[in-house]
Amino acid sequence: MEMLTSLKSEKRVLGRAIAAKARSNSHEFLPWLFLAPAVLIYSVIVIYPMLYSAYLSLFRWDGISPTKVFVGLENYVILFTQNDVFWIALKNNAIWLVAALLLPTSIGLGLALLLNTRFRGSHIFRSIFYFPAVLSLAVVGLIWTWIYQPDLGLLNQMLVALGLKAFTRNWLSDPQIAIYPVIVAATWNAVGLPMLLYLAGLQTIPEELHEAAKVEGAGPIRRFLYVTFPLLRETTLIVLAITAINALKAYDIVYAMTNGGPANKTQLLSTWMYFLTYNYNQVGLGTAIAVVLFLLTMIFAIPYIRFMTRKT
Amino acid sequence: MSETVSKPVFSGNKSTRTALLYGGLILAALIWFTPVVTLVLTAFKDAGDFALNGAFSIPKSIRWENFSEAWQTGVQNYFWNSVIVTSIKVPAGIVLESMAAFALTHMHFKWADRIFTYILIGLIVPIQMTLVPLTLLMNALNLIDTLTGLIILYIGFGVPFGVLVMRGFFRTIPAALIEAARIDGASWFRIFYRIALPVALPAVVSLCILDGVATWNEFILAQIFLRSDENRTLPLGLVQFSTQFATQYDQLAAAVLISVVPVVLVFLFFQRYFVAGMGGALK
């Protein structure tokens with residue numbers, strides 16, 4: 001209806017009359033018919049399983065036997081008090097989350113600022129920096145596994161060539177550090193989206209504001225801090241929410257690069273859920289982890305959903 | 001436009017600044033693209049060359065056989081499975097999603113906001129939260145280890161993003177246009193496919209591309225619900241390939257490159273739709 005209000009007044013009156021007529025004529029049944037296929041399949045595939053998982057997390061069950069034993073919150077207690085790998089996974093998720101909120105976002109913003117101006121070749125640079133975002137995380141994981149390969153991998157070869165042999169490592173097999181190389185690979189893939197969103201956000205800032213600030217004598221850093229960045233507030237909120245939600249979804253890249261190892265040191269909640277459920281038949285514990293992951297996601301998702309539904 | 005944000009970061013005269021900007025960007029781009037270059041170089045190398053000189057060197061001779069060997073070792077099979085899944089899922093999904101989005105934007109439906117919020121939940125649900133019940137469901141329906149089952153799951157999980165994008169575009173269609181057609185006596189179905197869909201064609205293309213790439217790349221559902229080698233899709237098949245032929249980097253790189261080529265082509269030819277599609281998701 002918002003479009004109508006922008007038309008001239010007589011058209012507005014006419015439009016209102018038409019809209020009122022259409023409203024009174026439209027049967028509530030027809031919209032449901034349009035919605036039914038999507039809403040039905042979505043409810044069966046996403047919503048119902050989600051609720052059922054929450055229910056299953058209250059049982060001790062191996063996924064096969066016909067009887068489930070109701071144990072209340074025992075699975076959660078076990079996870080938090082007896083399951084060491086759960087804590088490793090939780091810590092890795094926290095590290096991953098912090099890295100995701102800092103790195104792809106700031107790199108994406110930096111690139112967007114550099115590439116927002118149109119100069120010869122700017123769109124080629126945009127394509128190059130966006131490109132890793134279209135690759136599957138399984139592929140990203142495989143490519144980076146070769147880079148980290150201890151003998152023939154590019155990283156160690158470069159270090160040797162630069163005379164930094166002391167820094168060479170068996171990157172993905174060192175339990176102390178293995179999660180970090182995986183995060184670097186994930187960052188390579190994650191930069192494209194914030195860059196794209198920031199580029200879109202920058203397009204909406206009127207040129208005159210910069211000119212005005214310039215006339216006032218503001219340097220580039222002050223212009224960024226006091227003009228550009230405040231006007232990108234909305235974009236920044238979306239970028240942070242989406243990168244956080246995506247970071248908590250991480251799974252494929254860990255599976256492809258380390259499969260949770262060495263010694264479970266690179267497990268995430270998502271991968272540990274898979275291990276417990278499908279390798280160890282601990283369905284109760286697995287679903288409880290999924291619920292924990294869901295609750296973590298909600299912290300970032302609620303502001304995001306609020307934002308997405310704000311205009312309606 | 002040219003004086004906005006980037007250049008003033010550097011001091012000095014204009015040509016120095018431009019040179020610095022280009023130099024910095026080219027260096028950054030080279031570093032950024034190194035993993036891709038490594039992949040391509042490895043894919044064209046023979047195994048001996050790789051073992052001797054590592055990944056990042058110019059191949060001694062171009063070895064096309066890597067591709068044919070990888071293709072015949074199973075990649076062919078994974079590739080066609082991915083083609084089947086993507087080419088059925090994407091159009092089917094878009095039909096459902098755009099119908100729903102149309103109802104939410106133009107049919108004066110009083111539940112529209114609530115249904116939209118309900119659908120948005122799907123964007124944030126960690127997929128792990130659905131796996132166990134879905135395993136039970138797929139088992140009961142005898143759809144484990146079938147491409148049909150996987151396609152149904154993909155359609156279900158695709159609904160939130162698809163509705164979000166299509167709704168963003170449908171909202172830009174003037175209500176007056178729809179009302180005018182109503183006055184002329186057109187049915188809602190007719191308005192949907194004769195007016196709304198054609199007007200939103202750029203959105204449909206954008207969504208096809210974003211969704212196509214996402215479907216082509218999907219891993220976890222394929223991993224859980226496909227069991228036999230002959231049913232595997234590309235990402236799953238590649239990871240499997242990598243654990244089975246861990247030392248055959250040349251063939252593995254060729255296999256990865258084969259899987260990436262369709263995505264690269266789509267990316268090169270339809271690049272602007274990526275931006276448009278993401279824009280639609282934020283409207």
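These legends accompany several views of a predicted model. Residues are numbered from 1 along each chain as its sequence is written, with chains lettered from A and ligands numbered from 1 in the order in which they are written. Because the model is predicted, local features need pLDDT of at least 70 and side-chain atom pairs count only at pLDDT 80 or more, whereas totals for chains, interfaces and linings use all residues.

**View 1. Overall dimensions of chain A.** Chain A holds 16 helices and two strands, which are DSSP runs numbered from the N terminus (helices H or I, at least four residues; strands E, at least two). Along the principal axes, its C-alpha atoms fill a box of roughly 75 × 65 × 30 Å.

**View 2. Burial in chain A.** Of the 312 residues in chain A, 45% are buried, a residue being buried if 20 or more other C-beta atoms, placed from the backbone, lie within 10 Å of its own.

**View 3. Confidence along chain A.** Over residues 1-8 of chain A the pLDDT is below 50.

**View 4. The bend in helix α12 of chain B.** Helix α12(B), residues 249-269, has 21 residues and reaches 30 Å from its first C-alpha to its last. At Val260(B) the helix bends by about 35°, the angle between axes fitted to the seven residues ending there and the seven starting there, and a proline, Pro262(B), follows within four residues.

Definitions and conventions. A residue is buried if 20 or more other C-beta atoms lie within 10 Å of its own, exposed if 12 or fewer, and partly exposed in between; C-beta atoms are placed from the backbone. pLDDT is the predictor's confidence in each residue, from 0 to 100. Two residues are in contact if their C-beta atoms, placed from the backbone, lie within 7 Å. The expected span of a helix is 1.5 Å times one less than its number of residues.
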